[in-house]
Amino acid sequence: MTISDEVYSLTHSQKTLTAALAASPTSSPGHLAEALYAGSYHKKPTASGGYLETLMGALHVNETRRMPSGDPTQADLDRAAECGKFGSRPSDLFLKIYCDVLATLETNPWAGVVSPPLLGSRGVINLSIISVIPDIIQHHYDCIVRAESEVFLATNFWQASKSASKICDALVELSRRAMKRGKKVVVKMMYDRANLKMLTESHVIVDDAEMASDEVMLPKRSDMPGLDFELVNFHQPVFGTFHCKFLIVDRKMALLNSNNIQDRPNVEMMVHFEGPIVDSLYDTALISWFRPMHPPLPLLDTRYRPPAEGYRFGMDNEYTTTRNLDGSKGAELFKRLERDAGGVHDGDGDKGGKERSASSGSVNLGSPFISGAYQTITQHLNAGDQPNTHASIPYEPPASPADEYTPHILHTPHEECPMVLVNRAPNGKPGNPNSGLHNAQDQGFIQSPTFNAAPVVEGVLNAVRRGIECTLYIDVGFNDGGEALPGQGGTNEEVSKTMFAQLTGEEKEKLKLYWYTGKDQIKPINASAQKRNCHATETRVYLVLTAAGHSLMSSYLSDTQSWYHSQEVNVMIDNPTVCHEWLDGIRRNQNTHLHELQKDGIYRDKDGNPLTDSTGVGSGLRGVVKGIQGSIARARGKGGF
């Protein structure tokens, strides 16, 4: 597994796409990238030729490279540690996985959809949210309106909705502030919506008519006079989905999240990054955009600059507001801030609207404090577009603050930690996303709404056979009809039964599979009911006996479409404190850990009754028909979850 001199040289190069575009800001980032690492490489950073390029590509045999076998030596790990700007030496487990990541550069320097010198980096995580979409969109709003120079917003699917309206409100408010300052803010936005123009071009500039359509409903440019706004619709036909979801503001911070900008009854996950890792995500954004920018982003030649006073956490962070406070400790802090400031403190002195007050909640009814207000857990979960869902278990105040429902995780202050971008281009096969499972030494945890991609299923089975305890939190019924088609992996229920059937009795004890269960529910609800779903894609935490931990937070799911065809943005971190805070947040914000499947891969309630399946159709002709219908609906933006 020796890291070649060529890969070593790539990661130490002074060339990055960001720097090249800063030197030639009117050029196409995609075309600059094609020539950046010339020589023996002939790979493009991402496709952009629409259906015709996909058709021509199908006529050529793709160059592939078998992943190296065997464990890396200590010399390999030492060399890998030199191939990133980590700040401090990462753990050996982290470096073992990084060796596999670096191996993908042997035949394609753009395999990671980022300039190789920016692949390995570092940063901090100030805030994580494990909650319904409105909480995550609210933090997007709070970050967008604070922009001073530029915003880059990327999502997979944009749909006119309450969530989209909140982003629109943020853009209009940002425009108002920019006009007040007398300086325009440049805003670039990307989404993925099918379009006939993609016959010859995968990156399509969205015109005013589409922006105003009933399906999109973005503000008119005349309603945002303080913004230079440009929108690209990106999809690499036929299956190359732009599945990325991130936000970058002023090259100061970045959000990576699992949710699309639409209304769904999903619990999702979002992570707030600061540090040099922001420049890595920025580089990925430029590659994804591909086209010349009109106008260029104004901060192309401005690298990330750490705060002079050091990183700020909790309510000291400029992007944190009182809406990020939960639980009894959050309520106490809210009241103190309100008292000290003579009103509600939201860290925003230029806000037009009035912040809601904690006193407006049902304080006397024993409701918990969630998202800056007193409300029931059911009220909070129902904000995710399922107003008629009722709790099936009564609320009982927890005995300890450690067990309170706290969807916002204000992380413990920490120093910069090693991070790596583990991205994938659209329509490309994954380099080796199972490396974490392969290298796990004690236990692994995965939460994903879907779980049917053959590589990850086999990766879990192999880890279990090696004696690694693998815990899976999967959403029962979170499958559209397309996954009933042959070759698509099957539904979550089919996969769970198949996995256990391949294990011995002792091995089965190492596989712990649970169906996602909402915090206010006594048992799982099938995702097809659209009441309590989990789309927190994808949280992977691998722990070792030494209590060191690393995790991969990403946009991808563990289904066949996402695994093989979608462009994804993933960040791997090496920080045991953050990993344990994530695991704690995952536990306290859902009841999934109480609902394990039996060792035949079937969930049964306390009365022995199994849940209904996800599609209502098994294999065979009817399954194929159902699958084709589901695939068409998904392509039209009306299927799936």
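Trainee: In helix α5, which residues are buried?

Mentor: First the terms. Buried means under 20% relative accessible area, exposed over 50%, partly exposed in between (1.4 Å probe, protein chains only). Helices (H or I, at least four residues) and strands (E, at least two) are DSSP runs, numbered from the N terminus. Now the case: α5 spans residues 74–81, and Asp-76, Leu-77, Ala-80 and Ala-81 are buried there. Seen down the axis of α5, these buried residues fall within an arc of 140°, so they line one face of the helix. The arc is that of the directions from the helix axis to the C-beta atoms.

Trainee: What do the buried residues of α5 pack against?

Mentor: They pack against α6 (92–103). Contact means heavy atoms within 4.5 Å.

Trainee: What should I know about the source?

Mentor: This is a predicted model: local features need pLDDT of at least 70, side-chain atom pairs count only at pLDDT 80 or more, and totals for chains, interfaces and linings use all residues. Residues are numbered from 1 along each chain as its sequence is written, and side-chain values use heavy atoms, with hydrogens and water left out.

Trainee: How do I read the two faces of a strand, taking β8?

Mentor: In a regular strand the side chains alternate between the two faces of the sheet. In β8, Asn-266, Glu-268, Met-270, His-272 and Glu-274 lie on one side, Val-267, Met-269, Val-271 and Phe-273 on the other, and all are buried. That is 9 of the 9 residues of β8 (residues 266–274), so the strand is largely enclosed by the rest of the structure.

Trainee: In which sense do β1 and β8 pair?

Mentor: Two strands pair if DSSP finds at least two bridges between them. β1 (residues 120–132) and β8 pair in the antiparallel sense over 8 bridges. Ile-125 stands opposite Phe-273 in β8. Strand β7 (residues 253–257) also runs antiparallel to β8, joined by 4 bridges. There, Leu-256 has Val-271 as its bridge partner. β16 (residues 533–534) pairs with β8 in the parallel sense, over 2 bridges. Val-267 stands opposite Cys-534 in β16.

Trainee: How many disulfides does the structure hold?

Mentor: A disulfide is a pair of cysteine sulfur atoms within 2.5 Å. The structure holds 0. For Cys-99, the nearest cysteine sulfur is that of Cys-83, 8.4 Å away. For Cys-417, the nearest is that of Cys-579, 8.4 Å away. Cys-99 counts as buried at 2% relative accessibility, and Cys-417 does at 5%.

Trainee: And the chain as a whole?

Mentor: There are 19 helices and 19 strands. Of the 641 residues, 59% count as buried.
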